[in-house]
Amino acid sequence: MPALVRTLLEAALNEMMDEQADMACEGGANSRNGYRERGLVTPAGKITLRIPKLRCGTYFPEGMLERYSRVDKAVAAAVAEMYANGVSTRKVERIAQKMGIDRLSSSQVSRICERLDAEVAALRAREFGVSMPYLFLDATYVKCRREGRVQSTAVVTAIAVGEDGVRRVVGLSAVDTETYAGWLGFCRDLRKRGVSGVKCVTSDAHEGLRRAVAECFPGAAWQRCIVHLERNVCSMLPAKRQRKAAGKVMQAVFAQEDPAMVRAAYHAAIDAIAGFSRAAAELLEDAECDALAYLAFPAEHRRRIRTNNVQERANREIKRRTRAVQVFPSVESMIRLVGAVMAELDEDWSGRCAIASMDLLERKAASEPAIDPDTAARAERLVLVAVESAGLAGRRA
């Protein structure tokens, strides 16, 4: 069947070119002068085209072929899509052979994949005309060849929720390491392209990132991702049971919705974890202001802004797509693939309904609630139950 399809396609295209060339010679002003053969790779396999030659001037089937290209646009799009989905160059070549393509070199694959550059460049240079109340920042590491050796390169990304409630990819770049200078340049570029009106920035506790956020988005609250905080606290505990108990305690705290109860439970969690590790309890105590920053925002928004889950999911997708490549030959090729992944996410989000009503931000922020004795007692019982569920009741260090 593939051979028949190739034969029919080849005959149809050659017949169409003959007809066009005959029309160009009508009236006797010009005449035919043989053919020149040219191979073309199509989804049905490689075919041979017989392009007519004219005695005066030249003939080229503009509507059928692209000049200087021997690969059909459909195949080019398929190769670019496979590359964007993390398929290695070697695998792309094998897949191309199954499509009936005799030979597709690495250089051809690279040229085809450069078609993604325009889309990625447009994403990175995009300017915005709406305010972005919520901003999420994070980095993930990808191996890349730089200056003649393989290095771990930080890919930093920014995702924002606009005043229309729609998520957008607003930034993408590569830096040597997660330093203050690297994050500062990235955040300044966001401001330059119109990322403004930021009320809350959610990220992990990287010190350079915190400083850059404070400088570029003055007045914005900084929300320390509670998932990262839980990991940080648990990593400071030596015993597995202690880590399990600390995790259950913090999950119980953040499962509460009433701000007064959350704060009371947070304080009780500090006391409970102090029984396992004074250093872990001090970390939790120092992080209180930043970990509970989300309580100052509308209740409908709190679950979305207190974690960096949207970035974590994007990073997992980046890792999945880049795993097949393993080591990128250049920063440009890395940005091409990561940019294609982020462009795909951005397109998906643009077609969805708003994730939250931003009109709620116009409400006047409620004052910090007082913690009454009854609330404090309930919070202590909540934390005690969480500790007991981990099998550590009465066994604190």
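## Cysteines

Cysteine 144 is buried, with a relative accessible area of 0%. Buried here means under 20% relative accessible area, exposed means over 50%, and partly exposed lies in between (1.4 Å probe, protein chains only). The areas themselves come from the Shrake-Rupley method with a 1.4 Å probe, and for residues only the protein chains shown count as cover. Cysteine 216 is likewise assigned to the buried class, its relative accessible area being 6%.

The structure holds zero disulfides, a disulfide being a pair of cysteine sulfur atoms within 2.5 Å. For cysteine 216, the closest cysteine sulfur belongs to cysteine 187, and the separation of 4.9 Å is too far for a bond.

## Basis of the model

This is a predicted model, in which local features need pLDDT of at least 70 and side-chain atom pairs count only at pLDDT 80 or more, while totals for chains, interfaces and linings use all residues. Residues are numbered from 1 along each chain as its sequence is written, and side-chain values use heavy atoms, with hydrogens and water left out.

## Salt bridges

Side chains of opposite charge can pair when their charged atoms come close. A salt bridge is counted when a side-chain nitrogen of Lys or Arg lies within 4 Å of a carboxyl oxygen of Asp or Glu. A search of the whole structure finds 13 such salt bridges. One of them joins aspartate 164 to arginine 168, with the closest N and O atoms 2.6 Å apart. The two partners fall into separate accessibility classes: aspartate 164 is partly exposed at 36% relative accessible area, whereas arginine 168 is buried at 16%.

Arginine 321 forms a salt bridge with glutamate 344, the closest N and O atoms being 2.7 Å apart. Because arginine 321 lies in helix 14 (residues 309-322) and glutamate 344 in helix 15 (residues 331-350), the pair ties together parts that are 23 residues apart in sequence. Helices are DSSP runs (H or I, at least four residues) and strands are likewise DSSP runs (E, at least two), numbered from the N terminus. Arginine 321 counts as buried at 1% relative accessibility, while glutamate 344 counts as partly exposed at 37%.

A further salt bridge is formed by the side chains of aspartate 374 and arginine 378, at 3.5 Å from N to O. These two residues are four residues apart in helix 16 (residues 373-389) and are therefore separated by about one helical turn. Arginine 378 is partly exposed, with 35% relative accessibility. Elsewhere, salt bridges that share partners join Glu317, Arg320, Arg321 and Glu344 into one network.

## Charged surface patches

A patch is made of residues with over 30% relative accessible area and no salt bridge; like charges are joined within 9 Å, and nonpolar side chains (Val, Leu, Ile, Met, Phe, Trp, Tyr) within 5 Å. Lys and Arg count as positive and Asp and Glu as negative, whereas His and the chain ends are not counted. The place of a charge is taken as NZ of Lys, CZ of Arg, CG of Asp or CD of Glu.

A negative patch on the surface gathers Asp271, Glu282, Glu285, Asp286 and Glu380. Helix 11 (residues 278-286) supplies the largest share of this patch, three residues. Glutamate 282 is found in helix 11 and is partly exposed, with a relative accessible area of 40%. A positive patch on the surface is made up of Lys240, Arg241, Arg243, Lys244 and Lys248. Within this group, arginine 241 is found in helix 9 (residues 240-254) and is partly exposed at 45% relative accessible area.

## Strand residues and their distant partners

Isoleucine 47 lies in strand 2 (residues 45-54) and is buried, with a relative accessible area of 1%. Its C-alpha atom is separated by 9.5 Å from that of alanine 11, which is 36 residues away along the chain.

Tyrosine 141 belongs to strand 3 (residues 134-146) and is partly exposed at 31% relative accessible area. Tyrosine 141 and asparagine 315 are 174 residues apart in sequence, yet 9.2 Å apart in space, C-alpha to C-alpha. Alanine 160 is placed in strand 4 (residues 149-161) and counts as buried at 0% relative accessibility.
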